[in-house]
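Hi,

Here is the model I promised to pass on. Have a look at it first, and my notes follow below.

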Amino acid sequence: MSLTTETPSPRQLLMGNEAIAWGAIEAGVRVVAAYPGTPSTEVTEHIIQHAADYGIYAEWSVNEKVALETAIAASWAGARAMACMKQVGLNVASDPLMTLAYLGTKGGLVLVVADDPGPHSSQTEQDTRLFARFAKLPVLDPSTPAEAREMTKLAFELSESLKVPVILRPTTRTAHVCQDVEFSPPPRPAVPLPPLHFERDPNWAILPTLSAKKHRWLNACQKDMGRWFVEKKLNRVVPECSDADTVSVGIVTGGVSYNYVQEALANLGVSLPVYKVGGPTPLPAEDVLDYLQGKHAVFIVEEQEPVIEEQLTVAAFHRGIQIPIVGKLSGHLPREGEFNTNTVQAALRRYFAEVLPELSLPEVPTAQAGLTDIPAPPLRTPILCAGCPHRNSFYAFKKSLKGQDALFTGDIGCYTLGVMPPLRAADTIVCMGASVAMAAGFDRVEPARPHIAFLGDSTFFHSGIPPLINAVYNQARMTLVVLDNRTTAMTGHQPHPGLGWKGKQEPAPYIDIAAIAQACGVEWIRTVDPYDLPSMIAAAKEAVEYPGVSVIIARRDCISIAKRQIPHRIDDAACRRCGLCIRQFGCPALFEAPLTEEERQEGRKSGAVRIAREKCFGCGACAQVCPWDAISPEVQR
Amino acid sequence: MKTFNLVITGVGGQGGVLASRVFAEAALAAGYEVRTSETIGMAQREGSVISHVRIGEKLQGALIPEGTADLLVSLELSESLKGWSKLSPQGQAVINGRTIIPPAVGLGLTQYPEEEIVAFLQSQGTRVRLFDATSAAIEAGTARATNMVMLGALSTLPNMPVSADMLWQAAERILPPRLHEVNRKAFLAGQALGACPQAAPLVS
Ligand code: SF4
Ligand code: SF4
């Protein structure tokens, strides 16, 4: 979904991911394959939006490995290709990536891998630059959406000139930042693009002998990659020439940290040339060392891992340069979490005071005084939406397995939030698809306990099928609940193979989850509507009693794609304020109103239970949960 | 021009992202440079969300440093406090007094000190405008237009870099036409409230 609109001005508000999408379109990308994941999703969403206009083939693949392999084929046939994913998606795609690094590319191949320092919406804070170092591949680190667009085009160029895949690595504060960018969409191709042809060549088939040869080639390329960064001025001193060089300390920085450094320096009233790293791996360290000539120390500012810092430290050591290199390893900057201007400014200020005591630095206000008088706001964690069918599925299992100490293995998606109280319906969460194999795995060591795996429909296609086959084949006893809400909800409603459509609502073959489970050898399969709590509870009981692998498909549309139903209300006279609907079910539309003065005098302990009308989806679950029949749909006038 | 910093806080699903885009589009049309950064991802499911909008010249980072926001807009009462440290000592705040009580309160895991929060905000004097924007939006046709009420209200403050007309025009460009009417009503209600917040006293 695009929130920006065409404005008459040539400047447009572009989100980083949208800028990357346009950069790829401008570069003539022909094939794009991706699996959604925050903060990378919008790149592919925007490309799918415009694919038909520019003769691009774009798809949501079932997972990142498949996406990358699709892009590899396109590249080897000569097309410019792109695969997009979030940082943990690269873990899934790492198998083809490692070999691809050896075999190289023909048409430019760019991986957009979005990192999530913080993390805001990920299971790890992993730094893709380290992955790239492992694979010996070049990375481009944009600081802004405008730069991300330019770097996307350059990434294709680099990939073609050196025949290696290139990783473009936006972080959350580039991917999800909007900036005014001078931009108008490129002209559409007048004639359809000609089909391409893959030329056979033994160099496309990895064998140990070829591998040894290609490894030497990849190592030899490393210097060229770094040289290219310098030539294209991705790595450069800013400002290029200045007489402001009064401070004998250098600063090396890249990605969004570059913005924070510039803002902090301006706030501190210090002007000095900064070395900006757009290509952090493999770092052309010689160029940085040149910049450091005559400087007494260097401060390295980078989010996530000390990737620049380590490479520079090694290079300085080899050149026999003995200036202090400070940053993360020296403890001047935090090793975890996201940076911002405050973090960087505080660290720079402390450091300048240490090494340049002659500088007089202004006190920069941080936060206003009196902040201590502020009352503490309530903790507000993300939770499942009001009316979310997942809540009903979790509740049904909790209810039906009461007293049985069942173990719930969780997975990655909106339903991860099943972990939150009061449901607490995820005892383990690891990665995409892990719930299934882990439920079977637990069964090996505690066979008396019920083990139930919960994963979503899109996640089932992504990586739920092999562990299901494994569980059946190796005769585990477990229940798999596919929380089928007919969309990939967490990332903003992308399609998947179980829906019968793809891309921009084009029809596609419908791949039935129940039929897959059956083909995997599962003998007990039931499709249930989680809005029907009694059926769901009964099915849960039966499934868990089944002495083998049982599968429940809990099918009900995500509230974000469904039509709102009749809001519910609570009959104050019938409500006994037992709080079950709040304490056991926990829909966020339900809340306990504060005690009124009258109620206090009456000696009441708890306030009236209410439904926030504007939040209620009308799923009716609370009415089924309430033992006193106090909840019912509003009477429609 | 000195950078103008706007922080928008709220609960996931309240339309904070749209509000920040509308403000950003209006600023763009007014000829400023713009940077925004919004919360996208898991927190959008009922969690705390925050948007940063910076407009001016020669902008760098998209995140607003502590103590430098000129304006704080909060779509929910207690969420205003999560953005409070960003506000500059002279900064103004426009706050929806309507509460969204997280289920964790009912579970006894956290507390919602509504009265204390209101008292704190009222102690800030005229730089804080506190009113029930949700009721105004419902009256206009839908609680989903609460963000438009807030935009309408902020457009009445002194020293805004964009005018009410520019804000509404930006909203019109972004919103699908079928939603124009209800959002227009909400925006106008917000303007009335901004000029006279007593018109919609807090209800709890
Ligand atoms: S978006 Fe859909 S799937 Fe996600 S929590 Fe809300 S209702 Fe549930
Ligand atoms: S009907 Fe009940 S459970 Fe369903 S959304 Fe409304 S309040 Fe929540």
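Let me start with a question: does A:Cys587 count as buried or exposed? With a relative accessibility of 10%, A:Cys587 counts as buried, because the cut-off for that class is under 20%. Do keep in mind that this is a predicted model.

A:Cys587 sits in the loop between H18 and strand S22 (590-592) of chain A. Leaving aside neighbours within four places in sequence, A:Cys587 is in contact with A:Ala386, A:Gly387, A:Arg391 and A:Cys581, and also with B:Pro103 from chain B.

The unreviewed UniProt entry gives the feature "binding site" at A:Cys587, A:Cys616, A:Cys619 and A:Cys622. These four span 36 residues in sequence, but no two of their C-alpha atoms are more than 10.4 Å apart, so they gather at one spot.

You will find A:Cys619 in the loop between strand S23 (609-611) and helix H20 (621-625) of chain A. A:Cys619 has 14% relative accessibility and therefore counts as buried. Apart from neighbours within four places in sequence, A:Cys619 is in contact with A:Gly387 and A:Tyr531. A:Gly387 is also among the contacts of A:Cys587.

Not counting residues up to four places away in sequence, A:Cys575 touches A:Ile570, A:Val609 and A:Ala630, while A:Cys578 touches A:Arg583 and A:Trp628.

A:Arg576 is in that loop as well, between strand S21 (568-570) and helix H18 (580-585). Its relative accessibility is 57%, so A:Arg576 counts as exposed. From A:Arg576 to A:Ala608 there are 32 residues in sequence, but the C-alpha to C-alpha distance is 8.9 Å.

**Ligand 1**

Which chains supply the residues that surround ligand 1? Chains A and B both do, so the site is shared between chains. From chain A the list includes A:Leu384, A:Cys385, A:Cys388, A:His390 and A:Cys414, and B:Arg45 comes from chain B. Further along chain A, A:Asn485, A:Ala489, A:Cys558, A:Ile559 and A:Ser560 are also part of the surroundings. By class, this shell has seven nonpolar residues, three polar ones and one charged one.

**Domains of chain A**

Chain A is divided into domain 1 (11-184 + 208-230), domain 2 (235-355), domain 3 (389-555) and domain 4 (568-633). The C-alpha centres of domain 1 and domain 4 of chain A lie 50 Å apart.

**A strand in chain B**

Finally, have a look at strand S1 (residues 4-11) of chain B. Eight of its eight residues are buried, so S1(B) is largely enclosed by the rest of the structure. In a regular strand the side chains alternate between the two faces of the sheet. Here B:Phe4, B:Leu6, B:Ile8 and B:Gly10 point one way, B:Asn5, B:Val7, B:Thr9 and B:Val11 point the other way, and all are buried.

S1(B) pairs with two strands that I would point out. Strand S3 (residues 48-56) of chain B runs antiparallel to S1(B) and is joined to it by eight bridges, with B:His52 as the bridge partner of B:Val7. Strand S4 (residues 69-74) of chain B pairs with S1(B) in the parallel sense over four bridges, and there B:Ser74 stands opposite B:Thr9.

Best wishes

Conventions
Residues are numbered from 1 along each chain as its sequence is written. Chains are lettered from A and ligands numbered from 1 in the order in which they are written. This is a predicted model: local features need pLDDT of at least 70, side-chain atom pairs count only at pLDDT 80 or more; totals for chains, interfaces and linings use all residues. Side-chain values use heavy atoms; hydrogens and water are left out. Buried means under 20% relative accessible area, exposed over 50%, partly exposed in between (1.4 Å probe, protein chains only). Contact means heavy atoms within 4.5 Å. Two strands pair if DSSP finds at least two bridges between them. Domain bounds come from an automatic or database domain assignment. A residue is near a molecule or strand if one of its heavy atoms lies within 4 Å of it. Ala, Val, Leu, Ile, Met, Phe, Trp, Tyr, Cys and Pro count as nonpolar, Asp, Glu, Lys and Arg as charged, and the others, Gly among them, as polar. UniProt positions are given in the numbering used here, feature names are shortened, and annotations may be inferred rather than shown by experiment.
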